Amino acid sequence: MAVEKPFTGLTASVKIGDELLGYVSGVDMNLEKDIIEILAFGHEFKEKVPSIKDWTASIDGTVALVKDGSQKKLYDAFNSATEIEIGVYLDATTFFKGKAYAKNFNISASPDDKITLKSELSGNGATTLTVPS
């Protein structure tokens with residue numbers, strides 16, 4: 001049985017490889033979780049382990065580029081067939097991180113230099129959850 005848990009209106013970091021490009025607001029993330037049952041050898045009980053199967057994210061917000069960042073780098077990241085690493089922040093120290101490909105995107109800048117980004121991302125592997133220690 002799959003359970004979807006949406007996290008909406010969040011801020012996300014955007015990276016290509018180790019290079020941080022910036023942060024975007026207005027992120028919706030959907031995680032689909034399966035419960036895997038494991039029957040240990042020699043035991044009569046089952047252990048239930050949650051597993052993140054697939055995830056998607058949609059972005060409809062504004063971009064804050066890092067120092068020395070550029071709209072061109074952001075455009076190139078979403079336009080290429082390169083994996084984009086997204087870190088979706090639940091608060092300052094708790095975040096999901098995963099790699100995805102952009103299914104579509106629209107980047108624009110207004111005369112006041114406000115950059116907006118709309119995109120749909122599809123996760124291509126498990127996300128990791130970082131929580132404060």
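These are my notebook entries on one predicted protein model.

**Entry 1: the overall layout**

I started by asking which elements the chain has. I found 1 helix and 7 strands in the protein chain. Reading from the N terminus, I wrote the order down as β-β-β-α-β-β-β-β. Next I looked up burial, and of the 133 residues, 28% count as buried. For the surface, I noted that the chain exposes about 8,300 Å², with carbon and sulfur atoms supplying 52% of it. I also checked how far apart in sequence the contacting residues are. Among contacts with a separation of 6 or more, 58% are between residues 24 or more positions apart.

Before going on, I looked up the confidence. The average pLDDT of the chain is 80, and 77% of the residues score at least 70. I then asked which element has the lowest mean pLDDT and which the highest. Strand β1, residues 3-16, is lowest at 71, while strand β6, residues 115-123, is highest at 92. A reminder to myself: where pLDDT is low, the predicted coordinates should not be read in detail.

**Entry 2: aromatic rings**

I searched the whole structure for aromatic pairs and got 3. One of them joins Y75 and F105 edge-to-face, with 5.6 Å centre to centre and 70 degrees between the planes. Y75 sits in helix α1 (residues 71-79) and F105 in strand β5 (residues 95-109), so this pair ties together parts that are 30 residues apart in sequence.

F78 itself has a relative accessibility of 2%, so I put it down as buried, the cut-off being under 20%. Y75, F78 and F105 form one aromatic cluster.

**Entry 3: one side of the helix**

Which residues of α1 are buried? I listed L74, A77 and F78. They lie on the same side of α1, because they cover an arc of only 90 degrees around the axis.

**Entry 4: the nonpolar core**

I moved on to the largest nonpolar core, which has 24 residues. V14, V24, F78 and L121 have the most contacts inside it. Two or more residues each come from β1, β2 (19-39), β3 (46-65), α1, β4 (84-89), β5 and β6. The largest share, 5 residues, is from β2.

Not counting residues up to four places away in sequence, L121 touches T56, A57, I59, F78, I84, I86, A100, Y101 and A102.

**Entry 5: a serine in β1**

Last, I looked at S13 in strand β1. S13 is at 8% relative accessibility, so it counts as buried. Which residues does S13 contact, leaving aside neighbours within four places in sequence? My list reads L20, G22, Y23, E85, I86, G87 and Y89.

Key. Residues are numbered from 1 along each chain as its sequence is written. This is a predicted model: local features need pLDDT of at least 70, side-chain atom pairs count only at pLDDT 80 or more; totals for chains, interfaces and linings use all residues. Side-chain values use heavy atoms; hydrogens and water are left out. pLDDT is the predictor's confidence in each residue, from 0 to 100. Helices (H or I, at least four residues) and strands (E, at least two) are DSSP runs, numbered from the N terminus. Rings of Phe, Tyr and Trp (its six-membered ring) pair if their centres lie within 6.5 Å; planes under 30 degrees apart count as stacked, over 60 as edge-to-face and the rest as tilted. Buried means under 20% relative accessible area, exposed over 50%, partly exposed in between (1.4 Å probe, protein chains only). The arc is that of the directions from the helix axis to the C-beta atoms. A nonpolar core is a set of buried Ala, Val, Leu, Ile, Met, Phe, Trp, Tyr and Cys residues joined through side-chain atoms within 4.5 Å. Contact means heavy atoms within 4.5 Å. Accessible areas come from the Shrake-Rupley method with a 1.4 Å probe; for residues, only the protein chains shown count as cover.
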